Structure formats: C-alpha cells, structure tokens
Amino acid sequence: MTTRIGTKITQALVDGRVNQSEMDSLIAEAKANGKVSAAEKAALMTLLRKHGDKIDVETKAALGSFLGVVIGTTPVEPPTDPSIPNDVFEPRRTPFAADAIETVFTPGDEARFMEYAALDEVINARKADPKTYPPESNPYRIDYAVYNLTDKEVVRKLTEAAKAGVKVQVLVDSKSIAPSKWWSTLVRDLTAAGFSYAPSQAGLSAQQQRSTQLIGMDMPGIFHLKARVFAYPDPATGQIKETLLTGSYNPETMARHNDESLHRITDQHLIDQYQRAIESMRDGKRVTNTWDPECPVNALFTGPSAQGPRPTDKIFELIDQETELICLSVFTLRELVGSDRTKLINHLKAAHERGVPVVVITDRKQSDSVDARGNPTPGYDNDKTDELLQKAGIPTYECINSASDFSAMHLKSALFGLKDMKVVTDAGNWTYSVMGSGASPYSKNADSLLFIDSGKLDKNETGERYLGEMLRVLRRYGSQSADQPDVETLIAGLQKLPHWPQVKVDFNVVARTHLGQDVYVTGNTPALGQWGESGPGLKLDTDPSTYPNWRSAAVELPLGTKLEYKVVKRDAAGRLDWEPGDNAVLVVDPLRDPQHDELEVKDAFNGDT
C-alpha cells in the first residue's frame, strides 16, 4: 500500500497507536480520496478488528457504510474469495428473553426426551391440520444439521413426520454415513422410507439443495454441528413457533451415557442465525459471523468459508479479563493460537499467575490417545496440552468414561467468573480444525459455539447450571487423576471464593414423636451442627395442622456442597434418637429443577408416614 492513506494505515497497524480522533481522520481521508484500494479497505477492517475497543459505535457504523459491509458493532472482513457468495445476517431487533435458553445435561438429565418431545410437537400439530401445503411454503418443518444420527427413535419420528406431511431435511457429515461405516444404517433406513438422498451437497442445484431430504455434507474436515430446528404454526394464533436444539449432544444411541449438554432455544433471532448458517454451509455460501456486545448471547460458526469474529480471539478475551474463576470442561483440548499468534496455555498460565483459580477437565481418550481401558490407540499421538497445563501448575483432570468403549466426557464448555458468569459452550471442540490457527482464520470443520453472558441473560442461572455440572464431572472422574489435587479439597477451596453461589435449603421431614421431643437435622456442615460439634443441628418445627410433617427455616449453603445428614429426635433431657442406617447424601444444586430457586429436601424418620 504505497498511497498516503495506505502508508498511514500500515503505520497504525505496526505501532498500535490508535485512538478515536486518529481513526476518524483515517476514515475521513479515505472517503475524501475516493480511490481506496481493496487492500486498503481490508487493512482498515483489520485495524478496526484489532483496535475496535478504542472507537465509538458511530465511527464503526461510518466505516461499515464506507466499506459496504454490515458490521453491527464488530467488523466483518470482506470475503477473500469473491467467487463465494457472502450471506450477511440482519442485526437483532428484539431483546433476548431471560427464559429463551433451557439447558440440560446427560447422563443426569434425559436430553433425548427433550428431543423426542420437540419432534412430537411438530408431528402432532401437522396431523391435526387438514390443510395441504406446497413444499416451498410448508410451515411444518424439521431440519437436522448434525455430525451423526444413530438414535433409532429419532429416525422413526423423522420418518413419521415426513409421512404426515412435515418438510424434513437431514444434513449429516458425509464421512459418518459412508458405506465403510457399516454400523450406520441412516441412509438405508431413510431411503427405505422414501427419503431422497444425495451423498454430497456438491453439485446440487438450488432446487435440489432445498428439496433433498438427506444430504451428506462433504467438508475438508467434518460437518460437526449438533443443531435441530423445529417449526409449526401455533393453532391459536397462526404464528410460526420455532425451537432450536443445539449443544454437544448428538442424536446417537450412545450419547445418553456421555457427559453432554443440550440447549433448548426459543429466541427467534438466534434460531434464524443458526438456520441461515446451516443453509449457507449447504448452499456453498460464506458464513458471516457478527458480534453484538449488548446482546447476552452470541453464536459464532466455523468452517472453510466462515468470516468475521473468531471464537479463539473471543475466548482469549474472556480469559484475559477474568479475575474470579476459570473452569474448562472440553472433550478435545488443543493448544489454540489466536489471530495475534498468542497461545491458549500462555493466556491460562497468565490468569493462574495473577491469582485466578483455573481448573481444566478433558477426555483422556483424546488427550492421551488411549482407549477405554487406557491402552494406547495405534496411529494417534499423545497430545501434550494437558501436560503443559499441569506443568504450569493448573489442575488438569483427564477423564475416561467407561460406560462403554465409545462413551466420553463430551462437554465442550467453559465457565468464566462468579459475580457475572459467562459461558462458552455448544458443539465446537477447542482444536485447530474447528477454530483455525494463528493469523489464518481457515478451519476445516463446520461447527458452532455459543457465548452466553449469563449475568446479563438470566441472573447467572445458566452459569450456575454449568458450574454445578462441572463440579459433578469433577467428582465423577477426579479420582482418575491421582497426581492432581484432591477433588473435595479443591471444591472446598473454590466454595470460599467471594461471590460463590449460595443455595437456600430447607428440610421437610415426616417424623412421629413423643410428647417433649423435637426434631433436628444434623450433618457435616456448620449450618447442620457439624455432627453435634457446634450444636444440635437445624431445628424443625410443626403444629397440629401439619403434624407429623416437620419443616425447617431455609439455610444457605454453597452451591455444590456434598451434604451428609441424619434426622434426629431430641427430648427435653437431651437424649437423642438417631435415625438408623447410613447417612443421607445429596449435592446442593437446586438448578437440576430450574422451576425452583430453593432446594427442598424431603425425608422421613425411619420410614415414618
């Protein structure tokens, strides 16, 4: 760039001295020049991406107008290959509702039933509607864009839906349904039911792209999305109701034994964003990522033609800004490299060195390339990311899910902070194939990542769900990493952090007593008397209208507390009648039931009724 404006842009990129007035001056000179080259425009976009935090919204909007791109509040680079159509997404026009995301986890929650219910909603609505619709305007739709599909019940319901008149399209990674994958019967099952099938999206006409019911998605890497969209008209209003399911959870038979996440999303703008990205991948268009810092939820998509903000850079920003807590639970974790060539381990190490607790959980089959019994997998190398993290002093736990040879700790999530929690989650692993590496944004895999500002979205409810899940995973697998800190000691230390979530717990106990007896709950925490060391425990009360039900006032306990307790009857002389048998054990996590903000513990003394 030898022009005067080009020289100024280059110098600004080199020395990094950028402020509001300098950027305004550069844009004004570029407009006045009127002959800014494509290279200079791209350099302006790079300058804004690297130093956008120093520039106001109006200047960003002016630059977007000048460059002829929709940038929202974050710049989107122009396509590097003009032969690929650019699919620009419209900005948000409605706020994101607090209840627009529901999160479940396996194996504790039954994610498959959430999926079956979404399929049944569309099927039942279609069967109740006697109208017929042409394919292009059918309001009853089920769209799957997934890595693999082996759940026979899902396949059965998709077949039922198509026969009922629902427009069904299934996009699945071509490699997972290749003839060499003898265990995959998806092509056989759906084509036998009358589904049209294309082994690849390449070469399909626009009409075929829209109408073919089963398409193998042929990617340089893999088609790794886990998205399903369900749509039908509300019988009462006629308005289209749409639901998105997405997460780490594949519609596979074995996934129910994995540690997984699945989100039910009803925000229309986010659903449209996924739908447009999926269609762009199918149709050979460029996927355009945007970022809205005012919105509590942003989605970023990856793939060979994805452009805009990069997931790695956003993750590094979250790590660098964090002062309270960082927890990663990622199936495949590699040494990511940002667009500025900095590395994941260096960012995590810097956070650890400035006093931020950092905890990492990953799947040992991926980190060490071993099978379910710990034997080396031929042809695969032992990745060193976990060893480098441990060497940096960061507790790093490697998990083997032994439920089957093919089971996994399959979460792809991270939690940042306590006072204002932020979550990174969804389908994407933390690998080069997903996120690219260094200055190159190229990624082989088609994937999606959700960035959720839970403090802004739902007063940390989603964040606390993820925190509780990470503690559960730690407890499930922590003993497998004998060289790492004891899990209960680690959790006890984390629970002392400022802003650690507290949970209201009350006890509702059935106990039949003699005159003069009271009922207590005593246990392993100070609130329950520390097994009598600091008092008799938590006193319960009753009255003639509620007896033999005894109830306590609510006490606050740290989220994730592993509570052991017994019900005890105590008379006026202090004599104790202990409930026989083993201690009752529960983990304090009310968000397993998101309809309640308290945890109600129901019990009975020795079977009293």
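The structure is a predicted model, in which local features require pLDDT of at least 70 and side-chain atom pairs count only at pLDDT 80 or more, while totals for chains, interfaces and linings use all residues. Residues are numbered from 1 along each chain as its sequence is written, and side-chain values use heavy atoms, with hydrogens and water left out.

The protein chain contains 17 helices and 26 strands; helices (H or I, at least four residues) and strands (E, at least two) are DSSP runs, numbered from the N terminus. Of its 609 residues, 54% are buried, where buried denotes under 20% relative accessible area, exposed over 50%, and partly exposed the range in between (1.4 Å probe, protein chains only). Among contacts (heavy atoms within 4.5 Å) with a separation of 6 or more in the protein chain, 71% join residues 24 or more positions apart.

A nonpolar core is taken as a set of buried Ala, Val, Leu, Ile, Met, Phe, Trp, Tyr and Cys residues joined through side-chain atoms within 4.5 Å. The largest such core comprises 80 residues, and Phe223, Val505 and Phe507 have the most contacts inside it. Helix 16 (residues 461–477) gives the most to this core, with seven residues. Another core, of 34 residues, lies apart from it and includes Leu119, Val155, Ala161 and Leu186. When neighbours within four places in sequence are left aside, valine 505 contacts Ala553, Ala554, Val555, Leu557, Val588, Leu599 and Val601.

An open sheet of mixed pairing is formed by eight strands in the order 2-9-8-7-3-4-6-5, with two strands counted as paired if DSSP finds at least two bridges between them. Its edges are strand 2 (101–106) and strand 5 (197–198), each of which pairs on one side only. Strand 2 is antiparallel to strand 9 (residues 260–265), with six bridges between them; glutamate 102 has arginine 264 of strand 9 as its bridge partner. Helix 9 (residues 268–283) lies across strands 3, 4, 6, 7, 8 and 9, at about 70 degrees to strand 8. Helix 16 also packs on the sheet, where it touches strand 2 and strand 9, and its direction makes about 5 degrees with that of strand 2. Axes are lines fitted to C-alpha atoms, for helices over the stretch in contact, and angles run from 0 to 180 degrees between N-to-C directions.

The structure holds 26 salt bridges, each defined by a side-chain nitrogen of Lys or Arg within 4 Å of a carboxyl oxygen of Asp or Glu. Arginine 472 forms a salt bridge with aspartate 259 (2.7 Å, N to O). This pair links distant parts of the chain, 213 residues apart, with aspartate 259 in the loop between strand 8 and strand 9 and arginine 472 in helix 16. Aspartate 259 is buried at 0% relative accessible area, whereas arginine 472 is partly exposed at 21%. Arginine 472 also meets glutamate 469 in a salt bridge (2.7 Å, N to O); these two residues are three apart in helix 16, so about one helical turn separates them. Glutamate 469 is buried, with a relative accessible area of 2%. Elsewhere, salt bridges with shared partners join Asp120, Lys127, Glu153, Arg156, Lys157 and Glu160 into one network.
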